[in-house]
Amino acid sequence: MEETIGVTDTARIPGQRGDLLLDSAVRYAEERHWEVFPGTRLVPVPGGERCSCERPECASPGAHATGPGWEDLATGSPAALRRLWSEQPGASVLLPAGRAFDVLDVPESAGFLALARMERMSLTLGPVTRTPDRRMVFFVLTGGAAKTDALVRKLGWTPEGIDLLARGEGHYVAAPPTRVGGRGAVQWACGPTPANRWLPDVAELISPLAYACGQEAAAVRARRGE
């Protein structure tokens, strides 16, 4: 059986462990040649935890960039990552999009439906994460984010109308085993393996993803009585 990055690690977390986060960051750099950078961390406080950014209403506690200069922190050097995490133990593991990959971000229910359709279609997937806010993130070749709008519109939808978000250069994603406050940890739905080292082009995945997102959007409107 092929080893999958992060799967055993996510199962071991109930808490944010600095050594586990650093180990995952180094493995992403060494095994996938992804650039990585440290984000905020969770800080213990009486009665729970708070984000190191200290904003009371932080939307992604312990799982976002520390400031506007995050692009300059991203590195694929294991030695540099060890240094960064020694300076910021417990920091979240963040991956910049637009360098080794772009991502498509969809509602979790639509993501599961799309995965089932992709399996029936025998499509080759790249890595896919599940986030605690019930989203799925599909990794695709760089340049995919720029092509997504036209591809979705060609199929008869708009990306905003079906809640399909494409992210490339200038964006980042949280990687397992990063934990988002008390909501839980980011996990791999389809982990990185040698078999999916070569990422799919967005055009290969957009049809089942757009269809699944369209079905989910229609169901949401029906529940609202729209």
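The dialogue below works through salt bridges, strands and a pocket in a predicted model.

Student: Why is the contact between Glu31 and Arg27 called a salt bridge?

Tutor: The rule asks for a side-chain nitrogen of Lys or Arg within 4 Å of a carboxyl oxygen of Asp or Glu. Glu31 and Arg27 have N to O at 3.3 Å. That value is within 4 Å, so the pair is a salt bridge. By this rule the count comes to 14 salt bridges.

Student: How far apart are Glu31 and Arg27 in helix α2?

Tutor: They are four residues apart in α2, residues 18-32, which means a separation of about one helical turn.

Student: What makes Arg27 buried?

Tutor: Buried means under 20% relative accessible area. Arg27 has 12%, so it is buried.

Student: And why is Glu31 called partly exposed?

Tutor: Partly exposed lies between the buried limit of 20% and the exposed limit of 50%. Glu31 has a relative accessible area of 30%, so it falls in between.

Student: How do you know that Glu108 forms a salt bridge with Arg130?

Tutor: The closest N and O atoms of Glu108 and Arg130 are 3.1 Å apart. The cut-off is 4 Å, so the pair qualifies. Glu108 lies in helix α5, residues 108-120, and Arg130 in strand β6, residues 128-131. The pair therefore ties together parts that are 22 residues apart in sequence.

Student: Are Glu108 and Arg130 buried or partly exposed?

Tutor: Glu108 is buried, because its relative accessible area is 7% and the limit is under 20%. Arg130 counts as partly exposed, at 30% relative accessibility.

Student: What makes Glu108 and Arg134 a salt bridge?

Tutor: Their side chains meet at 3.4 Å, N to O. Arg134 is exposed, because its relative accessible area is 58% and exposed means over 50%.

Student: Which residues do salt bridges join into one network?

Tutor: Asp105, Arg135, Asp163 and Arg167 are joined by salt bridges that share partners.

Student: How do you know that strands β2 and β3 pair?

Tutor: Two strands pair if there are at least two bridges between them. Four bridges join β2, residues 42-45, to β3, residues 48-51, so they pair. The two strands run antiparallel. Pro44 has Glu49 in β3 as its bridge partner. The hairpin has two residues between the strands, and Gly47 takes a positive phi near 85 degrees there.

Student: Why do β1 and β4 count as paired?

Tutor: β1 and β4, residues 93-96, have two bridges in the antiparallel sense. The requirement is at least two, so they pair. One of the partner sets is Pro38 with Val93 in β4.

Student: What makes β1 and β9 edge strands?

Tutor: They belong to an open sheet of three strands in the order β1-β4-β9. β1 (37-38) and β9 (172-174) each pair on one side only.

Student: What is the strand order in the open sheet of five strands?

Tutor: The order is β8-β5-β7-β6-β10, with antiparallel pairing. β8 (165-167) and β10 (187-190) are the edge strands. Neighbouring strands are turned by 30 degrees against each other on average, direction ignored.

Student: How do you know that β5 pairs with β8?

Tutor: Three bridges join β5, residues 102-107, to β8. At least two are needed, so the strands pair. Val103 stands opposite Arg167 in β8. Helix α5 packs on this sheet, touching β5, β6, β7 and β10, and its direction makes about 45 degrees with that of β7.

Student: Which residues lie nearest the centre of the largest pocket?

Tutor: Ser60, Thr131, Asp133, Arg167 and Ala174 do, out of 21 lining residues. The pocket holds about 440 Å³ of space. β9 gives the most to the lining, with three residues.

Student: What does Pro132 touch beyond four places away in sequence?

Tutor: Pro132 touches Val180, Arg183, Gly184, Ala185 and Val186. Pro132 is found in the loop between β6 and β7. Its C-alpha atom is separated by 8.5 Å from that of Gln187, 55 residues apart along the chain.

Note on methods:
Residues numbered from 1 in each chain as written. Predicted model: local features only at pLDDT ≥ 70, side-chain atom pairs only at ≥ 80, totals over all residues. Heavy atoms only, no water. Buried < 20%, exposed > 50% of the residue type's maximum accessible area, 1.4 Å probe, protein only. Axes fitted to C-alpha atoms, helices over the stretch in contact; angles between N-to-C directions. Contact = heavy atoms within 4.5 Å. 1 Å grid on protein atoms, 1.4 Å probe; cavity = no way out; pocket = protein on both sides within 12 Å on 5 of 7 lines; lining within 4 Å. Points joined across faces, edges and corners; volume = space filled by probe spheres on them.
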